[in-house]
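User: I would like to learn how to read strand pairing, chain contacts and domain contacts in a model. Can you take me through them?

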Amino acid sequence: MSDFFNEMYAGPSVARSHYGDFDRWLSEQPAQLIEQKRAEAELIFRRVGITFAVTGDNEGNERLIPFDIIPRIICADEWARLKAGLIQRVTALNLFLNDIYHEQHILKTGLIPPEQILNNEQYRPKMQGIDVAQSTYAHIAGVDIVRAGAGEFYVLEDNLRVPSGVSYMLENRKMMMRLFPDLFARHRIAPVAHYPDLLLDTLRSAAPDDIDNPTVVVLTPGMYNSAYFEHAFLAQQMGVHLVQGSDLFVDNDVVYMRTTRGSERVDVIYRRLDDDYLDPLEFRSDSTLGVPGLFAAYCKGNVTLANAIGTGVADDKSIYPYVPDMIRFYLSEEPILNNVPTYQCRKKEDLAYTLDHLAELVVKEVHGAGGYGMLVGPASSRAEIDSFRQRILAKPDGYIAQPTLALSACPTYVAQGIAPRHIDLRPFVLSGKSVAIAPGGLTRVALKEGSLVVNSSQGGGTKDTWILEK
Amino acid sequence: MLSSTADHLFWMARYTERAENTARMLDVNLENSLMPQSDSDIEQSWLAQLKISELEQYFFKKYDALTQQNVIDFMVVDPDNPSSIASCLKAARENARAVRGSLTTEVWETENFTWLNLQQHLKSGLHKTNPSQFFEWVKFRSHLSRGVTFGTMLRDESFNFIRLGTFLERADNTARILDVKFLAAHGEHGAVTDSQAEFYYWAALLRSVSAFEIYRKVYRDVITPARVAELLMLRTNMPRSLIACVQGVVGNLQDVRNDVSLSTEQFAHSLFLELEQTSIEAIQKIGLHAYLIRFLENINELGLRLSNDFLVPMAPEITPKVSSQLQ
């Protein structure tokens, strides 16, 4: 795993040109100052309460996601290409979702086997034939991108349900500006602080057609959800209400919230709750987090849900291999961003290849998320590989496999000093009247040496992400 | 605003105020216990402390002996005691966290930092090694919380519901302190008779509500129980008096008026008028204890009405009678 692309250095102590100024600055800083700034950052994050709840911890303990002060820097040309690729990809995914829940042209042409969609757990038959406002399904998308090999970008995953992490993009920037204002004077760093404005604009434009001045709310499962900080943060930054299911009710297929002055109509719900929990009358009946009758109001077109119900069918790992074809099919364009070559274990020959090469591959559950339920072949013991083999054999269509990518690495502060650690990037793509992206994203870093798993639930940290302007 | 948001703000303020008042009472009791007196007197004063919060039966379920350390432990750290300072500060912070988007950054960070600091103080055992300093810290965090609310919050409904929580809780707490202290002074145990003991007894009560200097300023005379009661009940310019608190409730209720709140407004206003038109002599005729008990019932009803009109409705039957938030 030692052969990877280093984001900062082209060779031993040769900084890449867009890291030149930063490298010089870093070499001028006394180690003691950096240590002091890191402690300061931790104290501020704690006081501000930028924490996440630990799954399975009933004591309500809160943890900080480790923040690394060495930024991930992307130069203007690379960003331009990434941005064009992201817009293209998310546009195609939205067209795909609209198609799947209406005429299903892409299935009729045979480009995707119909059973792959119709038997998919993430496909929602209840959404079939339902028109959603502006035919937009994934208003907010978080696309995971990695760099591998000699530095090419690959899309690792499209997150079209309730992608999180954007608050860290914003807070990390605030932190860096607070800790190192001089760095911002030295660089032309594209600002990201207007993201909540873009988001509000996107959500308002997604309102049902006949609404003039739509009321937008953020729906959260509550303060013990691991991403609660982000829900509260975004609601506050947009100046809209943060609601829980119990704050809302449906009367005559219209959604209202309970206020101190009576009820008030709600037009757009930015929901941070999975499909399953939205409406106990239609989905999981044991859900106390949702709103009874919400789905009926939604079908009548009286309220917009962002993201739409049923987007999971487009970001499922078993559908991922078809995204380049979707781009060609709906947009008649060649994909700008690469997919990672993927073996679908449901196919006989792919399964055989996967089983023969488990020690080299990364195997993922098609519905898995958060870095759980995956096998990183090169980092696993014989026993782990063997037990995973049994799991694949028991349910081949539940798995895909990909070559283990040599993820790029970025210098990072660790206990022993500065060392390269693997990173990824999650930019956030907003689809309203047009498609918009704040110049940046969340860079996650695997803090363990050699680790390729960047998820915060697996001990990952984050970095500020700089897009340099020309 | 959302009813649930108003509810969280209201309870955030109530719990902050309750923590402050508990710290005040404990601090004064601690100071009092340094005076020359019999062991049973000291014991009685700690028992009175528990009675104020209607917690004696809960205390004796957990502790054998009525000692200073046990009571402080129970009233400061005990997570099973919903009125302990730690429970109150935790509840205040949880409520703030639930609506952090409706608070200014400064208000939220103040609540959060109080809670974080509390963990450190409890870990280092400050409430045992230097309880006075600990109580002082609690009081000043409450001052800070109030100050940062005044200094940074928009004067809208959020602010009104925070103030309503503060005033209602303070009215309740002041009435409880008065009731217990007056009962103890005239009760079977250690009735305060000689004038020197009387001075220290009432001076301590005044100090517990930051009213010692104010008393001197207002009356320029020796301390008598009747005047103490008058000051803490009927003086509108005394910020912790019953009438000042009820006045605060009336004013804030007006600002948040809705279609159903008229009768609650009238109820609060009649409470205010009653206090305004009575005198300490008239109250003494009825009996201070009877009067305060009725006042506490009225405050409890006011809280229920507020919840029903604006917030998340409370369950009407609550044990112990100290109001608490529906979880």
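Strands, chains and domains

Analyst: This is a predicted model. Start with a strand pair: β11 of chain A, residues 254–259, runs antiparallel to β12(A), and four bridges join them.

User: Which residue of β12(A) is the bridge partner of Tyr256(A)?

Analyst: Tyr256(A) is bridged to Arg265(A).

User: What is the strand order of the sheet, and which strands are at its edges?

Analyst: The sheet is open, with three strands in the order β10-β11-β12 (chain A) and antiparallel pairing. Its edge strands are β10 (248–251) and β12 (262–265) of chain A, each of which pairs on one side only. On average, neighbouring strands are turned by 40° against each other, direction ignored.

User: How many residues does each chain give to the contact between chains A and B?

Analyst: Residues count as in contact if their C-beta atoms, placed from the backbone, lie within 7 Å. Chain B gives 19 residues and chain A gives 20. On the chain B side, α1 (3–32), α5 (85–98) and α6 (105–124) each give two or more residues. The most come from α6(B), with five residues. By type, the chain B side has nine nonpolar, five polar and five charged residues.

User: Which domains are assigned in chain B, and what separates their centres?

Analyst: The assignment gives domain 1 (1–153) and domain 2 (159–314). Their centres, taken over C-alpha atoms, are separated by 20 Å. Domain 1 of chain B puts 26 residues into the contact and domain 2 of chain B puts in 24. On the domain 1 side, α1 and α2 (39–52) of chain B give two or more residues, and α1(B) has the largest share, 18 residues. That side divides into twelve nonpolar, six polar and eight charged residues.

Technical notes
Residues numbered from 1 in each chain as written. Chains lettered and ligands numbered in written order. Predicted model: local features only at pLDDT ≥ 70, side-chain atom pairs only at ≥ 80, totals over all residues. Pairing = 2+ DSSP bridges. Axes fitted to C-alpha atoms, helices over the stretch in contact; angles between N-to-C directions. Contact = placed C-beta atoms within 7 Å. Nonpolar A, V, L, I, M, F, W, Y, C, P; charged D, E, K, R; others polar. Domains from an automatic or database assignment.
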